[in-house]
Amino acid sequence: MDCVEGGASVSFMAPLTHERADTFWRAVADGVASGERLLLVAEDRAKRGIVGTVQVVFAGPENQPHRGDVAKMLVHRSARRQGLGALLMRAAEEAALAAGRTLLVLDTVTGSEAERLYTRLGWTRVGVVPDYALWPDGRLCDSTFFYKRLSRS
Ligand SMILES: CC(C)(COP(=O)(O)OP(=O)(O)OC[C@H]1O[C@@H](n2cnc3c(N)ncnc32)[C@H](O)[C@@H]1OP(=O)(O)O)[C@@H](O)C(=O)NCCC(=O)NCCS
């Protein structure tokens, strides 16, 4: 809810109500329980709360057992620019590899902080799809697609 309020284009239109967010996260929890996805969270011990999260969604088709999608990389505005996004992504990559995935893909708003993050972490930029999604306020935005091969180094 904080990220959407801050203007991030992460599937939801503004305003994101508590009820809609709750429905979304319960579906995510079901997906984790069924083994369809991995969910990682970063907790702030001092405040005793979750300040960041990311997911790896395992690809559905039976001919892509090695692939996953990185989704919902979210860091609370109060916890940004401290390296949490990078830590979460590295942890997600390690968890995906441990789960047998060797290829990850993702898309993000072109020109965003997230795009810089993925580039910095060695993701390969595939290209831009214009007008791929909406900002929370309804304007169209371009998306940049990335992939990363995972291997034990
Ligand atoms: C994208 C996002 C997850 C990044 O999270 P973050 O925790 O701020 O990421 P990091 O701290 O690792 O890196 C962000 C910046 O802080 C800088 N930084 C990292 N540690 C730092 C530190 N200790 N001191 C100062 N700066 C630091 C990084 O170099 C980076 O700089 P840059 O943006 O100028 O390249 C966050 O901005 C976010 O949640 N955005 C909204 C949701 C969203 O768009 N998600 C992406 C969906 S695909």
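**Helix H4**

I started with helix H4, residues 113-120, and looked up its buried residues: Glu115, Leu117 and Tyr118. I then checked how they sit around the axis. They cover an arc of only 160°, which puts them on the same side of H4. I kept in mind that the model is predicted. I also recalled the helix rule: an α-helix has 3.6 residues a turn, so residues three or four places apart point the same way.

Next I asked what the buried residues of H4 pack against. I found strand S3 (67-75), helix H3 (84-98) and strand S4 (103-109) among the partners. Strand S5 (124-134) and strand S6 (140-149) are also partners of these buried residues.

I followed the chain past the helix. Gly122 comes after H4 and has a positive phi, near 90°.

**Ligand site**

I turned to the ligand and listed its surroundings. There are 20 residues around it, and Met73, Arg81, Gly83, Gly85 and Arg116 come nearest.

I then went through polar pairs. At Met73, a backbone N or O atom lies 2.7 Å from a nitrogen atom of the ligand. At Arg81, a polar backbone atom is 2.8 Å from an oxygen atom of the ligand. Glu113 uses its side chain: one polar atom there lies 3.1 Å from a ligand oxygen atom. The ligand taken alone exposes 950 Å², and the protein buries 73% of that.

**Strands S1 and S2**

I looked up how strand S1 (residues 37-44) and strand S2 (residues 49-58) pair. They are antiparallel, over eight bridges. The hairpin of S1 and S2 has four residues between the strands. Arg48 in this hairpin takes a positive phi near 55°.

I stayed in S1 for Ala42. Is Ala42 buried or exposed? I read a relative accessible area of 11% for Ala42, so it is buried, as the cut-off is under 20%. Leaving out residues up to four places away in sequence, I listed what Ala42 touches: Gly49, Ile50, Val51, Gly52, Leu84 and Leu88. I also took one distance. Thr23 is 19 residues from Ala42 along the chain, and their C-alpha atoms are separated by 21 Å.

The background is simple: most residues other than glycine have a negative phi, and most peptide bonds are trans.

Which peptide bond is cis? I found the one from Ala14 to Pro15, with omega near -5°. Pro15 sits in the loop between helix H1 (2-5) and helix H2 (18-33).

I then took up Lys72, which is not a glycine and yet has a positive phi of about 50°. Lys72 belongs to strand S3. Its relative accessibility is 16%, so Lys72 counts as buried.

I looked up Asp131 next. Asp131 is not a glycine either, and its phi is positive, about 55°. I placed Asp131 in strand S5. At a relative accessible area of 45%, Asp131 is partly exposed.

Notes:
Residues numbered from 1 in each chain as written. Predicted model: local features only at pLDDT ≥ 70, side-chain atom pairs only at ≥ 80, totals over all residues. Heavy atoms only, no water. Buried < 20%, exposed > 50% of the residue type's maximum accessible area, 1.4 Å probe, protein only. Helix = DSSP H or I, 4+ residues; strand = E, 2+ residues; numbered from the N terminus. Arc of directions from axis to C-beta. Contact = heavy atoms within 4.5 Å. Pairing = 2+ DSSP bridges. Near = heavy atom within 4 Å. Polar contact = N/O pair within 3.5 Å; in protein donor to acceptor, adjacent residues only side chain to side chain. Areas by Shrake-Rupley, 256 points an atom, 1.4 Å probe, with all protein chains shown as cover.
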